[in-house]
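Grab your viewer and work through a few exercises on one chain. Each comes with a task and then a solution you can check step by step.

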Amino acid sequence: MQPLWFVVILILGLSFAEEREEGVGNFFLNQLKGLDLADMKKDIEEIIKRDTEVVPEPSESWTGKWFPEITTAAPSKSAAAVPAAGGMDGNNMWQMINSTCDDGKQNLTVDWEPNSFDYECEGPYLEPDSNVKATLEQEYIPPAYVARHVCMKSKIPYDQDLPTFGPHRPAWARYGEYTFLPIQRFLHNMEHGGVIMLYHPCAHPALVNKLKKIVKSCLYRHVITASRLVPRDRPLALMTWGWRLLMPTVDTSLVVEFIREHALHGYEKTHRDGFYDQLLVAPATIVSTPDDQEICPRFKGV
C-alpha cells in the first residue's frame, strides 16, 4: 500500500489530467497511465478506517462479581494481574503465609466471632420435604480470573451466602471435619480442588452422617462443617470451585456423580494439607492416594 500523501497526489493529478490534455495535464496523464484509480481510492478508505476505527475493549475488562484484577494478556493461568485496592493484598500465597499477613493462627476473629449458634441447632431437626428437589448450580468464572489472597488485617465481603469462588485467605484449612470453619478459609480449599460439605445445624443427624460417610470415603481433599448459610429447605450442600449442589436429603448416586465430576478442578493444583485447624474434629485420611488419583473408589457400581 502506498503512503497516503502519495495516493492523494496521484488522484489529484489524474483528475487534473482528465480535464486538460496539454501541458501539465499531459505530463500527469503520462505518469499515471496504467494505474487503477479504484484501487487507490480503496487504499485511502482502508487507511481512514484504520486510523478512525474504535477498537472494542477486550473481554477481560469485565469487572463484575469478585473480579478485583484485570489482565491485559490472553486468558491464562499464568497471566499477571493488576493489584487491587481495598485490602486485596496479593496473589503469592507462599509469601503471604506468615505471622504478619496470615498464618492461620492469629487474628482469626476477623472472619468469625466464636458463637455456638453457627453450628448448634436451637430447635427441632429439619425433616426433608419430598416436594423439594435438589438443585445443581454453576457460577461462571471468567477465564482470566485469578482469586486474590487477603491478609487478616482486612475483612472479605461476599455478595451472596454460598459463593463458589472469590477472594480468600492465603492459609487454607487442613482437610477434614470441623465443628465450624469460616467460608474465607474453605474457599481456598475449593480453589485447590477440594470438595466442601456444608450442612445446616438443624439438618437431621441421620442424613448428615450418611453424607459425611460418602464424602470421607470418596477423596482426601474434603472439608466438612456446619453452616447457617445453607438454606433450611435444602440443608445439605456440596461445593467445589464454580459449582454448588443443594439437597433436601441424601441421594448416593447424585452425590458420587457430583464429586467425580467436579472435584480436583480448582484453579490452583496442589494436594498439600493446609495450615488453619481451629475447631478441627477429625483430619482427613488418604482414600486412594495423597493426590486422589481415584475418586470414590468404594462406589464402583455407582
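Predicted model: local features only at pLDDT ≥ 70, side-chain atom pairs only at ≥ 80, totals over all residues.

**Exercise 1. How many salt bridges does the chain have, and which residues does Asp277 tie together with it?**

Step 1: apply the rule, a side-chain nitrogen of Lys or Arg within 4 Å of a carboxyl oxygen of Asp or Glu. The count comes to twelve salt bridges.

Step 2: look at Asp277, which pairs with Lys105, their closest N and O atoms being 3.0 Å apart. Asp277 sits in the loop between α7 and β7 and Lys105 in the loop between α4 (93-96) and β1 (135-138), so this bridge ties together parts 172 residues apart in sequence.

Step 3: check the exposure. Buried means under 20% relative accessible area, exposed over 50%, and partly exposed in between (1.4 Å probe, protein chains only). Asp277, at 28%, is partly exposed, and so is Lys105, at 48%.

Residues are numbered from 1 along each chain as its sequence is written, and side-chain values use heavy atoms, with hydrogens and water left out.

**Exercise 2. Is Ser217 buried or exposed, and what does Ser217 touch?**

Step 1: locate Ser217 in helix α6 (residues 205-218). Helices (H or I, at least four residues) and strands (E, at least two) are DSSP runs, numbered from the N terminus.

Step 2: with a relative accessible area of 6%, Ser217 counts as buried.

Step 3: a polar atom of the Ser217 side chain lies 2.9 Å from the backbone oxygen of Lys213.

Step 4: list contacts (heavy atoms within 4.5 Å). Leaving out residues up to four places away in sequence, Ser217 touches Val287, Cys296, Pro297, Arg298 and Phe299.

**Exercise 3. What are the phi values of Cys296 and Leu279, and where are these two residues?**

Step 1: Cys296 has a positive phi near 55° without being a glycine. Cys296 is in the segment after β7 and, at 1% relative accessibility, is buried.

Step 2: Leu279, also not a glycine, has a positive phi of about 65°. Leu279 belongs to the loop between α7 (252-262) and β7 (280-283) and is partly exposed at 34%.

**Exercise 4. Zoom out: how many helices and strands are there, and what percentage of the residues is buried?**

Step 1: the tally is seven helices and seven strands, in the order α-α-α-α-β-β-α-β-α-β-β-β-α-β from the N terminus.

Step 2: of the 302 residues in the chain, 47% are buried.

Step 3: take contacts between residues at least 6 apart in sequence; 75% of them join residues at least 24 apart.

Technical notes:
Polar contact = N/O pair within 3.5 Å; in protein donor to acceptor, adjacent residues only side chain to side chain.
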